[in-house]
Structures are given as structure tokens and as C-alpha cells.
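Subject: Structure handover

Hi,

Here is the structure I promised to pass on to you. Please have a look at it first, and then read my notes below.

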Amino acid sequence: METGIGISADLAPYLPLDHEPNVTDDARLNQLGYKQELSRSLSAIANFSVTFSIISVITGLTTMYSTGLTFGGPVTMVYGWPIVGVLTMIVGLAMAEICSAYPTSGGLYFWSARLCGNEWGPVVSWFTGWFNIVGQWAVTTSVDFSLAQLIQVIILLSTGGKNGGGYEASKYVVIAFHGAILSMHAIINSLPISVLSFFGQLAAVWNLLGVVLLMILIPSVATERASAKFVFTHFNTDNGEGINSKVYIFVLGLLMSQYTLTGYDASAHMTEETKNADKNGPKGIISAIGISIIFGWGYLLGITFAVTDIPYLLSEDNDAGGYAIAEIFYLAFKNRYGSGVGGIICLGVIGIAIFF
């Protein structure tokens with residue numbers, strides 16, 4: 001009997017993790033009860049690129065920077081990022097090990113069905129599948145909404161800023177932006193895998209260069225910079241929420257890092273379209289997490305060295321309407337050159353990364 005995803009339900013629930021090293025991709029799928037249906041055209045680089053661009057440190061850290069700044073500030077961000085990074089890598093290593101044994105597009109859904117056996121497999125995989133798909137809905141909606149918000153901020157700053165009579169879009173306009181972005185992404189994701197592979201590799205290059213550019217450019221342009229003592233020791237307790245527990249504040253600030261370091265299971269979901277999947281799928285997971293941790297930390301340090309007045313950056317009365325990182329970029333160029341255009345262009349670089 002075949003299940004809805006083509007898995008032979010009467011196969012033994014377990015297959016040896018130390019499967020033969022020279023078995024072809026198609027033969028490996030046959031061992032798992034699958035028939036090769038998808039076009040297997042992705043290289044190791046293509047697999048990594050899509051996952052790296054989905055994690056996209058420039059997206060998560062930019063859109064959640066205000067949260068990190070509010071709850072703990074520099075200490076939470078600078079030390080919280082590597083803590084979350086190490087824990088994420090532990091999860092990623094475990095997933096990579098399983099992915100090497102079960103390189104199927106079902107990913108976690110398939111793994112849980114097999115590893116839990118005939119008795120628990122159906123119910124556990126059902127819950128895993130639903131948690132996974134609801135998470136996909138949430139993260140897609142969330143990322144696209146953050147892009148709609150960023151577009152609104154770019155328009156606001158481009159028309160003079162909040163204090164200069166700039167255009168501040170209503171919530172209905174932002175929702176319209178959101179709907180348009182979601183529609184475009186639905187169309188793009190319906191294109192052939194060869195096209196998506198190209199977008200993925202372009203996105204990876206854009207994210208990597210964008211992070212390096214901004215982590216160097218912003219603190220270099222800023223006329224006022226924070227001291228190393230501020231960046232590495234200042235703990236912000238003025239969160240405006242009445243929360244006084246430093247431990248709780250620190251934990252809330254970790255949400256910035258946790259929100260960013262997600263999506264690395266994409267390499268597993270693309271294994272049936274990846275050559276040498278039992279090796280390149282796990283490599284995609286581990287390398288995407290590792291490189292994201294390194295460059296994400298550099299990005300955080302670079303931007304935080306341009307922070308000098310946390311309450312002002314978070315205030316809704318600033319030119320960016322309280323969008324902290326946009327205000328940092330805008331002020332860096334405005335104070336240096338008398339115009340914030342350079343900062344707006346930098347926000348455009350981030351906007352494209354979020355779209356990818």
C-alpha cells in the first residue's frame with residue numbers, strides 16, 4: 001500500500017543509518033520506498049545557496065533588531081547570537097545525520113514516521129507535518145510582512161521622514177503591499193527548479209555581499225560610534241514593558257536570534273532534487289548554519305557600533321517612525337553627508353535580500 005507521499009507503508013520502519021556509500025540517489029530512494037519523480041539537477045552549491053538565503057541573517061537581524069535593542073540591547077545581541085548559534089548547530093548536526101540516511105523531500109515528516117516505528121510513526125509524523133507546514137505559513141507571511149513594513153519605511157524616509165512631512169502609509173496600504181509580495185512569491189515559486197536554483201544562488205551572493213558591505217560601511221560612515229565597552233557590556237533594561245528581571249529580558253532578547261536562525265531544513269526538503277543527496281543535503285544544512293552564525297555576528301557588531309542613543313532609535317518620533325535600524329542607517333549618512341539617501345539605498349539592499 002502506498003501513502004499519500006508515495007512511501008510504501010508495509011516497508012520495515014527502520015533502515016540502517018550506515019547504508020552503502022556508493023548507492024545511487026535513485027537506488028537509495030527505492031530502498032526508502034520512493035520512486036524518483038523530481039528533476040535531480042541541484043548541485044551542492046545550489047542546495048546550500050537556497051538554504052543560506054532562507055536563513056538570511058540580513059533579513060532576520062534587520063527586521064528584529066528593535067526587539068534585541070529593546071530587550072537587553074548590545075549584551076543580549078552580541079552574546080545571545082553565538083549562544084543561539086551553538087544550540088542551533090547542535091540541532092542542525094542531528095538533522096544532517098538523519099538527512100544523510102533519509103534524503104527525501106518529506107524531510108522531518110518522513111524522518112519522524114520512520115524513526116518512531118509502526119506504532120507511533122503515524123501520529124508523530126502527523127503532528128510533525130502539521131507543525132512544519134504551519135511554521136512554513138507563518139514564516140512566509142512574517143518575512144513578507146516585514147518587507148511590506150520596510151517598503152513603508154523606505155517611502156517615509158524618501159519623502160522627508162516623519163519629522164519632515166514624509167508620507168506614512170496607513171495599515172491598509174501596508175497590507176496591500178503584503179498581499180502583492182505574497183502573490184509575486186507564489187508565482188515565482190511555481191517556476192521550474194532550474195530558475196529557482198538561479199534565484200537561490202543569486203540570493204546567496206546578494207546576502208553574503210550585503211552583510212559584508214553593511215557591517216563595514218555603516219560604522220565607517222557614522223560620525224558618532226559606540227565604545228567597545230558599550231557594545232560588549234551595556235545591558236538595556238529600559239524596555240517600556242515594565243519587565244525588570246534581567247534573566248527574562250535576556251531571554252526575550254534572544255527571540256531576535258531564534259527568529260533569524262530558522263529554515264535550514266530546506267536543504268533536506270530539496271534532497272530529491274539534489275545530486276549526491278546523502279552527502280550534499282547534510283553539507284547544505286551544516287554549512288548554511290555555520291556561515292550564517294559567523295557573518296551574522298559580524299553584522300550585529302558592525303551595526304551596534306553605530307548605536308549611541310537607544311531610546312531615540314526606538315522612539316516613534318524619529319524620522320523612521322521607530323524602526324531602529326532604518327534610523328541608524330539614515331542618521332549615519334545624514335550626519336556625515338547632510339543627506340540620508342545613502343542610508344535609504346542600504347535599506348534597499350536589505351529589501352532585496354528579504355524579497356529573495
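The UniProt annotation "transmembrane region", from an unreviewed entry, covers residues 44–66, 78–96, 169–188, 194–218, 285–307 and 337–355. UniProt positions follow the numbering used here, feature names are shortened, and annotations may be inferred rather than shown by experiment.

Please keep in mind that this is a predicted model, in which local features need pLDDT of at least 70 and side-chain atom pairs count only at pLDDT 80 or more, while totals for chains, interfaces and linings use all residues. Residues are numbered from 1 along each chain as its sequence is written, and side-chain values use heavy atoms, with hydrogens and water left out.

For residues 285–307 the figures are 87% helix and 0% strand, and the end C-alpha atoms lie 33 Å apart. Helices (H or I, at least four residues) and strands (E, at least two) are DSSP runs, numbered from the N terminus.

S197 sits in helix α9 (residues 193–221) and is buried, at a relative accessible area of 10%. Leaving aside residues up to four places away in sequence, S197 touches L42 and A46; contact means heavy atoms within 4.5 Å. Buried stands for under 20% relative accessible area, exposed for over 50%, and partly exposed for in between (1.4 Å probe, protein chains only).

Helix α6 (residues 108–115) has F110, W111, S112 and R114 as its buried residues. Their cover includes α5 (74–101), α7 and α13 (266–269). Just after α6, G117 takes a positive phi of about 80 degrees.

Now for the surface. W120, V123, W126, F127, W130, F131, I133, V134 and W137 make a nonpolar patch of about 1,000 Å². Patches take residues with over 30% relative accessible area and no salt bridge, joining like charges within 9 Å and nonpolar side chains (Val, Leu, Ile, Met, Phe, Trp, Tyr) within 5 Å. A salt bridge is a side-chain nitrogen of Lys or Arg within 4 Å of a carboxyl oxygen of Asp or Glu. W130, in helix α7 (residues 117–158), is partly exposed at 43%.

And the cysteines? With a disulfide taken as a pair of cysteine sulfur atoms within 2.5 Å, the count is zero. C116 is in no disulfide, and the nearest cysteine sulfur, that of C99, is 17 Å away. C116 is partly exposed, with a relative accessible area of 30%, whereas C346 is buried at 4%.

Best wishes

Definitions and conventions:
Accessible areas come from the Shrake-Rupley method with a 1.4 Å probe; for residues, only the protein chains shown count as cover.
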